[in-house]
Structures are given as structure tokens and as C-alpha cells.
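I opened my notebook to go through this structure step by step.

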Amino acid sequence: MPHLLFDRIDEPGLNTIPVYERRGGYSALRKALQMPPEAIVEELSQSGIRGRGGAGFKMGQKASFLPKGEMAKYLTCNADESEPGTFKDRELMQKSPHTLIEGIIITTYATGIHHAFIYIRGEYQLQADILDAAVAEAEAAGYLGENILGSGHSLKLVVHRGAGAYICGEETGLLDSLEGKRGNPRLKPPFPAIEGLYAGPTLVNNVETLGTVPTIINMGGADYAKIGTEGSTGTKLISVSGDVQRPGNYEIELGISSREIIYGLCGGPKPGRTVKMWFPGGSSSPVLLEQDLDLSYDFDTLAKAGSMLGSGAIIVVDDSHSAFEVMQKVVKFYAHESCGKCVPCREGTNWTNKFLARIEAGESTPMDLDILASVQSQIIGNCLCVLGDAMAMPVGSIVAKFRDELEAEIEAARERANALPLTDTEDLLALSAH
Amino acid sequence: MSSIDRRPPVRRYEHGSRVPGWDEAVDLTKPPATVPDPALTPVPEELRAAIEAEMAKYPDRKSASIPALHLAQRHHGWCSPEAIKQVACVMRLTPAYLTSVASFYDMFYLQPKPKHDVYVCTNITCSLLGADELYERMCEAAEGHDISVRGFECLGACDIGPMASVDGEYVGPLNLDDPKLIVEDIEAGRPVLEHKQLRRRAVADAKGRVDDFDGIAPVGQEGN
Ligand SMILES: Cc1cc2nc3c(=O)[nH]c(=O)nc-3n(C[C@H](O)[C@H](O)[C@H](O)COP(=O)(O)O)c2cc1C
Ligand code: FES
């Protein structure tokens with residue numbers, strides 16, 4: 001399997017142009033600048049690469065939605081990386097920032113954009129400092145600025161630091177935040193490709209997506225498409241964390257088995273423990289079970305299994321943890337991060353959070369799990385963005401897959417709290433009269 | 001704002017609404033603050049220059065709101081009314097607008113805060129690995145020191161969980177003895193837990209590794 005992004009990424013000095021160039025860096029840019037812009041978009045389409053940020057939308061197609069011709073258009077690189085479990089962009093930006101910068105220059109040349117931003121989460125201070133230095137170095141080398149390498153293409157690239165808000169990873173929340181506002185998502189359509197930053201057409205792509213562009217140009221789209229599976233081409237950076245012995249970032253060919261990742265690469269849970277559940281694509285993805293470990297790790301297979309590949313962040317939970325504990329952590333996060341703009345999300349996430357506190361306090365009955373599940377289904381599809389869905393989907397899946405355990409948890413909590421035992425309907429009636 | 005909130009829960013009336021005093025009251029008798037008058041609003045020269053440099057980077061100066069608030073917070077220690085007024089003066093915006101922005105983001109403080117920041121990640125992966133107890137220990141260790149400890153959402157470093165960001169430096173995996181060492185390092189003005197810093201960590205992927213890895217991430221030009 002080829003390593004396209006992570007190959008010897010630990011090499012000292014790779015964050016500087018001399019080492020990056022010695023390893024072939026910026027050759028894709030030179031090649032691209034000889035090609036007509038449309039031919040580059042065509043290569044991207046042929047490569048079949050799907051967005052690496054979460055939604056998996058085809059990159060070539062998104063780039064082709066941008067209106068052609070000279071006008072104020074923008075590119076925004078999404079480096080907000082706040083989806084719990086995800087930390088792959090961090091490693092790429094820290095160790096090989098020019099991979100991203102080169103990808104951005106090529107993409108802007110292909111789409112006729114002259115103003116680009118990297119929106120990086122404020123907590124990534126080291127990585128933002130490294131990017132700042134790399135951008136300055138690229139400017140000095142003539143890769144950024146006016147008339148890049150004599151091609152006539154010019155580009156201004158700005159590293160913009162956020163200040164701690166998960167919702168700013170959502171593309172329209174990101175655009176509002178970049179305009180200096182609270183990061184509230186916008187109504188779509190119009191999609192950013194038509195009306196985005198400062199109301200101009202805007203291309204929003206993830207760090208890894210843009211970082212793969214130089215490779216695609218070097219290899220050619222058709223050859224890139226031979227890696228991976230038909231619907232999920234290429235390699236993918238994955239972040240594996242939780243109950244595994246070797247957590248961290250790995251580059252894999254899409255389509256290898258999930259067991260190979262969790263056990264082969266990461267060593268599986270500690271000896272004596274088994275996988276109880278795993279999130280295949282960040283905490284927003286519905287959980288899968290031990291029996292799903294042989295699923296091929298690619299966009300389509302995981303979607304068919306009722307979950308999603310998302311950002312490529314695998315969180316493994318072993319059998320020493322309760323399903324309730326996992327659910328509670330997930331819910332707290334989304335309740336805290338809901339921006340408050342749409343009612344189903346704002347109220348739904350906070351209601352769910354309080355509801356779980358009620359379970360913990362021994363004030364619920366197993367029947368309440370149905371209410372919990374039905375509230376989740378009221379959130380899905382009813383908001384401007386999918387932050388609420390991102391809580392509702394994993395919570396719904398945990399309730400469905402661990403119902404017995406959750407019911408036992410409710411009973412145990414009731415016992416701890418000395419609540420009335422639920423023996424017959426009279427007790428229930430007495431309870432509801434309270 | 002933090003995920004583990006140590007404040008007492010907001011009291012409520014029987015029918016559910018909040019008891020007055022849970023949030024800051026707005027003084028309705030005060031006239032709304034307008035864009036501050038430069039003649040009457042002294043702004044430290046270096047802060048002004050830095051904010052103006054940020055504004056120059058964007059097609060629309062408003063885009064510099066977050067960078068400018070970062071600058072002002074660093075200068076004043078927190079986003080005090082004075083800090084916000086100075087940013088408003090340089091950017092030609094109203095203090096109310098900037099307050100609304102600052103209050104949205106976790107990294108801005110609208111209340112005075114201790115000098116040093118420790119964010120302990122208490123999100124899913126870190127908590128599976130013991131972050132809640134670590135957070136308690138960190139709070140105990142920081143007691144009496146000029147250090148603010150917050151439970152934070154996923155900081156994007158679950159591979160070193162349980163972890164913390166100490167004045168921006170990521171360290172992990174932490175054990176229950178580390179909080180004490182972190183406080184000692186902060187007090188001594190040393191780099192925190194050098195051997196556990198993320199910047200010194202090799203990539204997990206075997207093919208990403210090299211024999212001559214020096215284990216130190218390059219430092220960028222200027223810190224933010
Ligand atoms: C709540 C929420 C948070 C998101 N966070 C991120 C993020 O941190 N990084 C990212 O690249 N995409 C994130 N996305 C996905 C973006 O909206 C967008 O689809 C993506 O940046 C597009 O880039 P891609 O096509 O290259 O994947 C998030 C989406 C939602 C709904
Ligand atoms: S869960 Fe702690 S850093 Fe991601």
C-alpha cells in the first residue's frame with residue numbers, strides 16, 4: 001500500500017521548503033501551472049476523491065460548482081478539527097505544512113481564486129505557528145503572492161485562528177466566524193460554492209482533502225482512483241483512540257478491514273478486554289459492535305451498515321465501560337456545543353443531557369428510553385446544520401443496541417436512589433401521580 | 001462554559017424559569033454604547049498596531065474580530081470592558097458587537113481569570129482513559145495558585161489521552177501524579193512536562209517514522 005501523505009513524515013525539517021523540495025515538494029505545483037485550470041478540475045474529478053472532513057462529498061464535483069471567470073471568489077481550508085476523536089489534520093499541518101499549502105495553491109489556480117484562508121482551531125497554537133512560518137517561507141520563495149512562478153496566478157493566503165467552538169467546523173458556521181461573527185450556521189441553499197464568504201462563491205475543503213491534491217496531480221487522477229475501492233478511492237488518514245494499545249494517526253488504503261485497523265495496526269484493547277463498541281467516524285457516527293469488525297473501512301460499506309466514515313476517527317470502547325457512560329459523554333459535548341440557533345438542536349441536546357442526569361439520579365423508568373429515542377428522531381433533519389443529528393444518531397444507535405444494559409442501569413440507579421420498585425401498574429400510577 | 005461546570009446549578013422557580021441573578025443583569029437605564037471615540041479612548045500603541053495589522057489581512061476588517069480579541073485578551077489578561085472598548089475603538093465597531101462575539105467562543109474570558117490556563121480534556125476518549133479523575137486532581141493541585149483549570153471538549157489529541165493543554169502546550173498521556181508536576185513547572189516558569197509534550201511525539205504509523213527523528217517540532221516564528 002502506498003503512503004501518500006504520511007511517508008516518512010517525521011523527517012526533521014520537512015516543515016521547511018528545502019527539505020520539502022528535496023523530497024519532490026512543489027513539483028506538482030510546477031506541473032499544474034503548465035496545465036489549463038479546467039484540466040486540473042478534471043483530474044480531481046477523475047481521482048474520485050471524496051471530502052475528508054466528514055460529509056464525503058466529491059471534491060472535483062464541488063470545485064466544478066464554482067462559477068467560472070474573474071470575480072471575488074474564496075477558498076477556505078477547514079482546519080477546525082473539533083470532531084471528538086479526530087486529530088489527523090493536526091499531524092499533517094505540524095509536520096508537513098507545505099503539503100497543505102501546495103494543495104491550496106493548485107486548487108486556487110484550478111478554480112481562479114485569489115484569496116484563501118486556513119481556518120484553524122484556536123487551541124492548535126503550535127500548528128498555527130508552524131503554518132504562519134510556512135506561509136511566510138512560501139511567500140519569500142515566490143509560491144504565494146503575485147504572479148506565482150511566472151504563471152500569472154496570484155494568491156494571498158491567511159492563517160486564521162478560531163477561539164474554541166465546535167460549530168465553526170460546520171462550513172457555514174465557519175464562514176460566519178471568519179467574517180468576524182458568532183459562528184452560527186446559515187440556511188442552505190445557497191450553498192457556499194454559490195454564495196459563501198462575503199457573499200462570494202466559496203470553496204470549503206478539509207485539510208486532508210486539499211493536502212491530497214499535489215499527490216493527485218503528480219500521479220494523475222486515473223491512477224489515484226486505482227487505490228482504494230470504487231466508491232472510496234485513495235488512502236485515508238485515520239485517527240484511532242480509546243481502548244487500543246497503539247492509538248494514533250495512520251494512513252490506510254480505503255477498503256481494508258476494520259479489524260485490521262483496530263487489531264492489526266493498533267493492537268486492539270488491552271489483553272483480556274474485548275471491543276464493546278466503536279465509533280467508526282468520530283463521536284457523531286452511530287456506534288458499531290464487535291461483530292461489525294470485519295466490515296471494510298470505506299464510505300459505502302459503513303453507510304450501508306448504518307453508520308458512517310465521517311472524519312476517519314475511530315474511537316474504541318472496551319467492555320470495562322458502560323454504554324450509559326459513553327452516551328452521557330457524547331450528549332454533554334453536543335449540548336455544550338449547540339450554537340443555539342435552531343430549537344430542535346438547542347433544546348433537544350440540552351433536554352437529552354438533563355434526561356440522562358435523571359436516569360443517573362434514579363428518577364426514570366425503562367419506558368423512558370422510548371421517549372429518549374423519539375426525541376432523537378425529532379431532531380434529525382430539522383435544523384440548519386447537522387450538529388443535533390450528530391448527537392441524535394449515536395445516541396439513537398446506543399439506545400437501540402444496548403437497550404438491555406440501559407434498562408438494567410435504570411433499575412440499578414432506582415435502587416441506589418431507593419425509588420419505588422417497578423413491580424406492577426399500581427406503583428407506576430402512584431409514581432405518575434407524583 | 002466548561003464542560004464540567006463547578007458553579008452551583010442555576011436555581012429555578014417552581015414553574016421552571018430562572019431565579020433573577022443567575023446571569024448578569026443589563027442596566028437598561030444606561031444609554032447603549034456606541035463606537036468609542038478615539039479621542040477619548042486611549043489604546044496601547046502596540047495593541048493598536050497589532051490589531052491594525054490583523055485588519056489589513058482581510059477584505060473586510062470585521063473578520064479580524066477574533067484575532068483582535070485574542071490580542072486584547074493577551075494584553076489585558078481577559079476580555080475586560082476596557083479591552084473590548086479598545087478593540088471596538090480600533091476596529092470601529094460597537095463594544096456590544098464584540099461582546100456578543102467574545103461570549104460565543106470558549107477561549108475568551110469575560111470575567112477576570114487567573115494568569116495560567118490548564119484545559120483538561122474531559123471528552124469521550126480522554127474520559128474513557130480516566131480524565132475525570134485527572135481533572136479533579138488538577139483542580140486540587142492548582143488550588144492557591146494563579147492557575148485556571150477547566151474541563152474542556154476534545155482538544156484534538158486523543159492519541160495522548162488523557163491529556164491537557166497547559167498555556168497552549170499539549171501534554172499527555174497524563175497520570176494522576178502529573179498535575180502536581182504541571183503546577184511545579186508553571187510556578188518555576190519551565191516548559192511543562194517536556195517528555196510528555198505532543199510536539200516531541202513520533203507519528204504512530206510505522207511508515208511515517210524515520211531513524212533520525214529528533215522529537216522536537218519546529219517552533220513557528222511568532223507565538224499567538
Ligand atoms: C457540526 C459539524 C462540525 C464539522 N466539523 C468539521 C471539522 O472540524 N473539520 C472539517 O474538515 N469538516 C467539518 N465538518 C464538515 C464541514 O461542514 C464540511 O463538510 C467540510 O469541511 C467540507 O470539506 P471536505 O469536502 O473536504 O470534507 C463539520 C460539519 C458539521 C455539521
Ligand atoms: S477526547 Fe481528549 S483530546 Fe480528544
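**Entry 1: the ligand.** I began with a backbone N or O atom of A:Glu81, which sits 3.0 Å from an oxygen atom of ligand 1. I am working from a predicted model, so I read each distance as a computed value. A:Asn78 uses its side chain instead: I read 2.9 Å from one of its polar atoms to an oxygen of ligand 1. How much of ligand 1 does the protein cover? I noted 91% of the 610 Å² of accessible area that ligand 1 has on its own.

I then listed the surroundings. Ligand 1 has 17 residues around it. A:Gly53, A:Asn78, A:Asn205, A:Asn206 and A:Thr209 come nearest.

**Entry 2: domains of chain A.** I looked up the domain assignment next. It gives domain 1 as 17-224, domain 2 as 235-318 and domain 3 as 323-418. I took the pair of domain 1 and domain 3 of chain A, whose C-alpha centres are 36 Å apart. Their contact draws on 12 residues of domain 1 and 8 residues of domain 3.

Domain 1 and domain 3 of chain A bury about 880 Å² between them, with 70% of it on carbon and sulfur atoms.

By class, the domain 1 side that touches domain 3 has 6 nonpolar, 3 polar and 3 charged residues.

**Entry 3: chain B against chain A.** I turned to the chain interface. Here 61 residues of chain B contact 77 residues of chain A. The two chains bury about 5,500 Å² between them, and carbon and sulfur atoms give 56% of that. On the chain B side, B:Phe104, B:Ile124 and B:Leu128 lose the most area to chain A. Together they make up 13% of what that side buries.

How many salt bridges are there between chain B and chain A? I got 2. One of them I recorded in detail: A:Arg90 pairs with B:Asp159, the closest N and O atoms being 2.8 Å apart. I also logged 32 residue pairs in polar contact between chain B and chain A.

Technical notes
Residues numbered from 1 in each chain as written. Chains lettered and ligands numbered in written order. Predicted model: local features only at pLDDT ≥ 70, side-chain atom pairs only at ≥ 80, totals over all residues. Heavy atoms only, no water. Domains from an automatic or database assignment. Contact = heavy atoms within 4.5 Å. Buried area = accessible area lost by both parts, 1.4 Å probe. Nonpolar A, V, L, I, M, F, W, Y, C, P; charged D, E, K, R; others polar. Near = heavy atom within 4 Å. Polar contact = N/O pair within 3.5 Å; in protein donor to acceptor, adjacent residues only side chain to side chain. Areas by Shrake-Rupley, 256 points an atom, 1.4 Å probe, with all protein chains shown as cover. Salt bridge = Lys/Arg side-chain N within 4 Å of Asp/Glu carboxyl O.
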